[in-house]
Amino acid sequence: MLEKALSYAHARHEHYLARFQELLSIPSVSTDSGYREDVRRCAGWIVEELARIGFDNCRAYETPVHPVVYGEWLKAGSDAPAVLVYAHYDVQPVDPLALWDSPPFTPTIREGNLYARGAIDDKAGVYTNLAAFEALLKTAGRLPVNIKVFFEGEEESGSAGSIPFVADNHELLAADLVVISDGGNLRDQPLVITSTRGIVDFEVAVRGPQRDLHSGLFGGIVENPAHVVGRIIEALHDNEGRIRVPGYYDQLQPLTDAEREIMARQEAIFRSQLEQDAGVPFWGERLGPLVERATALPTLDVNGVWGGYQGEGGKTVIPAEAGFKASTRLAPGQDPEQIVEALRAFIMGFASETARITFTHGPVSCPAALLSEGPVIEAIHQAFEATWGKRALLYRQGGSVPIIGTFKQELGLPITSLGFGDGSNGHSPNEYIILEHFFRNIDTAIHFYCALADKMSAAELER
Ligand code: BES
Ligand code: MN
Ligand code: MN
């Protein structure tokens with residue numbers, strides 16, 4: 001079954017590339033309501049593709065925000081495990097557009113890379129699975145395991161519609177395992193994610209005078225809201241980067257010695273790849289080792305600051321209003337609700353009669369622990385060994401996939417990750433996937449589902 005599917009896939013590279021490019025050319029930006037119809041069109045494209053390769057009950061389920069794509073192939077028999085495969089078909093906004101070397105929704109090949117928004121995050125997750133399923137179905141007429149596909153269209157905007165969909169559809173989504181196909185691998189090292197951080201974003205607005213005022217008349221006698229914003233931002237961290245909001249680190253689940261040891265071994269590899277991507281030397285060494293800070297400690301980042309005049313030349317005003325957008329990443333142990341309350345109390349402490357403050361926050365998502373050992377992890381190692389020639393590195397992910405916490409709470413299933421986002425510039429201009437990796441990932445997926453069938457039935461036999 002394996003060999004036939006692999007050689008079929010190898011003969012289909014051109015077709016897969018063409019289809020992937022088609023998917024990449026749909027601008028499914030979920031955060032921007034101007035792209036609402038494109039997101040829907042993208043969902044429709046995937047539904048059609050799923051049906052074409054032989055899945056059943058394929059449809060786009062409406063949610064209050066963007067549709068969830070579902071499809072199933074459940075003919076592997078009741079002895080075979082059922083796997084819920086997750087990926088997201090929405091993408092990040094493209095701005096700043098001027099920094100792209102080719103248009104973000106015109107997939108373009110340069111020097112062995114395929115450039116397009118979504119190329120790694122996360123249309124690679126969507127399409128790699130589809131291609132692997134197609135190769136298996138076309139050659140063997142069946143899949144080695146039962147599959148339910150769940151592709152959401154709003155991961156990049158907090159999953160406000162998809163999260164309740166999971167809560168309302170326990171039966172539809174019932175399975176033995178969830179596979180998260182989001183995130184990726186280092187250029188020459190496959191990764192398997194063992195935890196993701198939670199995330200909460202929030203916005204602070206400071207209001208002062210009733211309108212922008214002449215700073216010659218009112219400067220020095222009216223408090224400037226932009227200065228208050230500066231004081232708040234300054235107070236959030238000490239000079240080494242430690243968060244100063246009281247209680248922030250209290251609930252953190254301490255790392256085990258084994259985890260510290262794995263992280264220490266990853267230090268060099270992360271430094272060489274990530275520092276290059278950052279284009280600036282790393283900072284904040286005194287807070288802890290690099291990998292620990294990047295994956296297992298909370299962070300609190302201002303993402304944007306606004307207020308006052310931004311146009312050409314100067315304008316002498318005291319702005320009526322200023323503010324900022326920020327987000328905080330939470331590590332296992334931290335309770336998002338409690339953290340939000342601590343943040344709110346800290347920031348509201350800056351409010352006064354002359355500077356009125358509002359604090360609002362978006363959906364809260366929990367940190368989550370994923371599988372780190374057992375037959376499923378062995379199947380992943382086996383798939384990467386066969387295609388990359390090496391086992392995966394266990395890795396705590398610094399990023400977030402909000403719906404993972406919901407899968408855990410609502411479905412109570414074991415969760416693992418099989419990411420295909422090799423390449424770089426996710427969320428940045430010139431996002432790309434290394435073409436050779438795109439094809440190799442299809443092989444990895446084929447190997448994984450075959451290995452999973454073996455390992456999971458073998459594991460059952462051991463019981
Ligand atoms: N795929 C990422 C998460 C990720 C980042 C996995 C890096 C592996 C490596 C995901 O699409 C993402 O960007 N999530 C957002 C969530 C937010 C918008 C709610 C994030 O982490 O910022
Ligand atoms: Mn993603
Ligand atoms: Mn993303």
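User: Let us start with the metals. Which residues coordinate the manganese ion (ligand 2)?

Analyst: Keep in mind that the model is predicted. To read a metal site, list the donor atoms. The manganese ion (ligand 2) is coordinated by His88 through NE2, and by Asp121 and Asp182 through OD atoms. The distances run from 2.0 to 2.4 Å. Along the chain, the donors follow the spacing H-x32-D-x60-D. His88 sits in strand β3 (residues 82-88), while Asp121 lies in the loop between β5 (113-115) and α4 (123-140). These two residues are 33 residues apart, and the pair links distant parts of the chain.

User: Why is the arrangement around the manganese ion (ligand 2) called irregular?

Analyst: Look at the angles. The 6 donor atoms around this ion subtend angles of 55 to 162°, which makes the arrangement irregular. Six donors count as octahedral if opposite donors are over 155 degrees apart and all others between 65 and 115.

User: How far apart are the two ions, and which residue bridges them?

Analyst: They lie 3.5 Å apart, and Asp121 is the bridge. Asp121 and Glu156 also link distant parts of the chain, at 35 residues apart. Glu156 is in the loop between β6 (146-152) and α5 (162-168).

User: Is His88 buried or exposed?

Analyst: Check the relative accessibility; under 20% is buried. His88 has 0%, so His88 counts as buried. Asp121, with a relative accessible area of 15%, is buried. Glu156 is buried as well.

User: Now the core. Which residues have the most contacts inside the largest nonpolar core?

Analyst: For a core, ask how many residues belong, then who has the contacts. The largest nonpolar core has 73 residues, and Ile46, Phe55, Ile147 and Phe151 have the most contacts inside it. Helix α13 (residues 435-462) gives the most to this core, with 13 residues. A second, separate core has 34 residues, including Tyr61 and Tyr395. Back to Phe55: among the residues that Phe55 touches are Trp73, Phe133, Leu137 and Ile147.

User: In what order do the strands of the open sheet run?

Analyst: The order is β4-β5-β19-β18, with antiparallel pairing. The edge strands, β4 (108-110) and β18 (423-424), each pair on one side only. Inside the sheet, β5 and β19 (residues 432-434) pair over 3 bridges. Leu114 has Ile433 in β19 as bridge partner.

User: How is a pair of aromatic rings described?

Analyst: By the distance of the centres and the angle of the planes. The count here comes to 20 aromatic pairs. Phe55 and Phe133 form a tilted pair, 5.5 Å centre to centre with 40° between the planes. Both residues are buried. Phe346 and Phe350 have ring centres 6.0 Å apart and planes at 70°, so the pair is edge-to-face. Phe346 counts as buried at 18% relative accessibility, whereas Phe350 counts as partly exposed at 22%.

User: Which residues do ring pairs link into a cluster?

Analyst: Tyr61, Tyr70, Tyr86, Phe150, Phe165 and Phe407.

Conventions:
Residues are numbered from 1 along each chain as its sequence is written. Chains are lettered from A and ligands numbered from 1 in the order in which they are written. This is a predicted model: local features need pLDDT of at least 70, side-chain atom pairs count only at pLDDT 80 or more; totals for chains, interfaces and linings use all residues. Side-chain values use heavy atoms; hydrogens and water are left out. Donors are N, O and S atoms within 2.8 Å of the metal (3.2 Å for Na, K and Ca); water is not among the atoms, so sites may look incomplete. Four donors count as tetrahedral if all angles lie between 85 and 135 degrees; four count as square planar and six as octahedral if opposite donors are over 155 degrees apart and all others between 65 and 115; anything else is irregular. Helices (H or I, at least four residues) and strands (E, at least two) are DSSP runs, numbered from the N terminus. Buried means under 20% relative accessible area, exposed over 50%, partly exposed in between (1.4 Å probe, protein chains only). A nonpolar core is a set of buried Ala, Val, Leu, Ile, Met, Phe, Trp, Tyr and Cys residues joined through side-chain atoms within 4.5 Å. Contact means heavy atoms within 4.5 Å. Two strands pair if DSSP finds at least two bridges between them. Rings of Phe, Tyr and Trp (its six-membered ring) pair if their centres lie within 6.5 Å; planes under 30 degrees apart count as stacked, over 60 as edge-to-face and the rest as tilted. Lists of a residue's contacts leave out its neighbours within four places in sequence.
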